[in-house]
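Subject: Handing over the two-chain model

Dear colleague,

I am passing on the structure we spoke about, and below it you will find my notes on what was found. Please read them beside the model itself.

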Amino acid sequence: VFTAVSRLTPGTNILAYCVTLGWRLRRFAGALVALGASSIPASLIVFTLAAMLVRVDRYPAVQLGLAVGILVASVLVLSSAWNLIKPYLARHARVNAAIVTVLALGLIAAGATPVRTLLAAAAVGFFFLHDDAPR
Amino acid sequence: MNIVLIYLLLLKATATSFAGMGSLPQIQQDFVQTYQLLSDEHLSQAVLVGRATPGPMGAYVVAVGYFAGGWAGAMAGWLAMITPALAAIPLLALVQRWLHLPRMRAAVDAVVVASVALLVAAGVDLAVDGARQLLRLLQ
């Protein structure tokens, strides 16, 4: 149930997962402590790194490193996309996934905003793809 | 920079995504294209910082907030990251009642698949930006 809830909760899945665990153990206090513990350390590191980057990103060697790092990060973003789509490549789910992908790519190409693209996908899923929806 | 605006824009992105990096296309749309609070380069750096850090993948929104509005922007980014997670509490009660409904599952699954298409488009943009920077520096 916790995994299902974290998948259905908007935003970062792991944070929602920690919130549901904390809620189960100590209700609101547990949820808040779990949320803080799972988000504050990483946020502080990100903040520190971003603040350092602003001070050094004018140096050519740093800029070169950043450009290579951005290429690596783009590969990691694409690998995140692959991990998200993998469960939908099962035989029974492929057709629905293909329909939604074509719809989404068409909307992206037409210049639709991400929110509109997601809303259109939700509507298509809700009204037309519910018979053999991916599990 | 208006911190409330940064928070609301980041919240819009995190609240309409179903994965840590899923908010990237909306952030790109709002921060780079519509409001021009960030350059492509800064957004790429924010993603790089977020991915280089252990912890939730969505933590890159803290860097986005920092680049757009300093330390207060970073705080807005953190708040925007954690706010949607609180929705898990009411969802916990609703899920057991609604999750088995085929229409609900199909709608959520369709949103996840569409978010992958958006993420791929954003990832390709990021790669193009990185390649451009690299070529510029090597010239």
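In which helix is A:Arg27 found? A:Arg27 is found in helix H2 of chain A, where helices (H or I, at least four residues) and strands (E, at least two) are DSSP runs, numbered from the N terminus.

Before going further, a word on conventions. This is a predicted model, in which local features need pLDDT of at least 70 and side-chain atom pairs count only at pLDDT 80 or more, whereas totals for chains, interfaces and linings use all residues. Residues are numbered from 1 along each chain as its sequence is written, chains are lettered from A and ligands numbered from 1 in the order in which they are written, and side-chain values use heavy atoms, with hydrogens and water left out.

To return to A:Arg27, this residue has a positive phi of about 55° although it is not a glycine, and with a relative accessible area of 49% A:Arg27 is partly exposed; here buried means under 20% relative accessible area, exposed over 50%, and partly exposed in between (1.4 Å probe, protein chains only). A positive phi, of about 50°, is also found at B:Gln36, again not a glycine. B:Gln36 lies in the loop between H2 and H3 of chain B and is exposed, with a relative accessible area of 62%.

Chain A as a whole has five helices and zero strands, so that its elements run α-α-α-α-α from the N terminus on. Its radius of gyration is 20 Å, well over the 14 Å that the globule rule gives for 135 residues, and chain A is therefore more spread out than a compact globule; the radius is taken over C-alpha atoms, and the rule is 2.2 Å times the number of residues to the power 0.38. The C-alpha trace of chain A spans about 55 × 45 × 25 Å along its principal axes, and 43% of the 135 residues count as buried. Among contacts in chain A between residues at least 6 apart in sequence, 29% join residues at least 24 apart, where contact means heavy atoms within 4.5 Å.

Next come the helix pairs. Two packed helices are described by the angle between their axes and the distance between the axes. The axes are lines fitted to C-alpha atoms, for helices over the stretch in contact, and the angles run from 0 to 180 degrees between N-to-C directions.

Helix H2 (residues 13-56) of chain A and helix H3 (residues 40-51) of chain B have axes that come within 9 Å and cross at roughly 135°. That makes H2(A) oblique to H3(B), given that angles under 35 degrees count as roughly parallel, over 145 as roughly antiparallel, 65 to 115 as roughly perpendicular and the rest as oblique. The crossing of H2(A) and H3(B) is right-handed; a crossing is left-handed if the near helix is turned anticlockwise from the far one by less than a right angle, and right-handed if clockwise. On the H2(A) side A:Val46, A:Leu49, A:Ala50 and A:Leu53 meet B:Gln45, B:Val49 and B:Gly50 in H3(B). By class, this contact has five nonpolar, two polar and no charged residues (Ala, Val, Leu, Ile, Met, Phe, Trp, Tyr, Cys and Pro count as nonpolar, Asp, Glu, Lys and Arg as charged, and the others, Gly among them, as polar).

B:Gln45, in helix H3 of chain B, is buried, with a relative accessible area of 1%. Leaving aside neighbours within four places in sequence, B:Gln45 is in contact with A:Leu53, A:Asp57, A:Leu66, A:Ile70 and B:Phe67.

Helix H4 (residues 94-109) of chain A and H6(B) have axes that come within 9 Å and cross at roughly 45°, and the two are therefore oblique to each other. Their crossing is right-handed. The residues in contact include A:Ala97, A:Val100 and A:Thr101 of H4(A) and B:Ala110, B:Val113 and B:Ala114 of H6(B), and the contact divides into eleven nonpolar, one polar and no charged residues.

Within chain B, the axes of helix H2 (residues 24-34) and helix H6 (residues 102-138) come within 8 Å and cross at roughly 60°.
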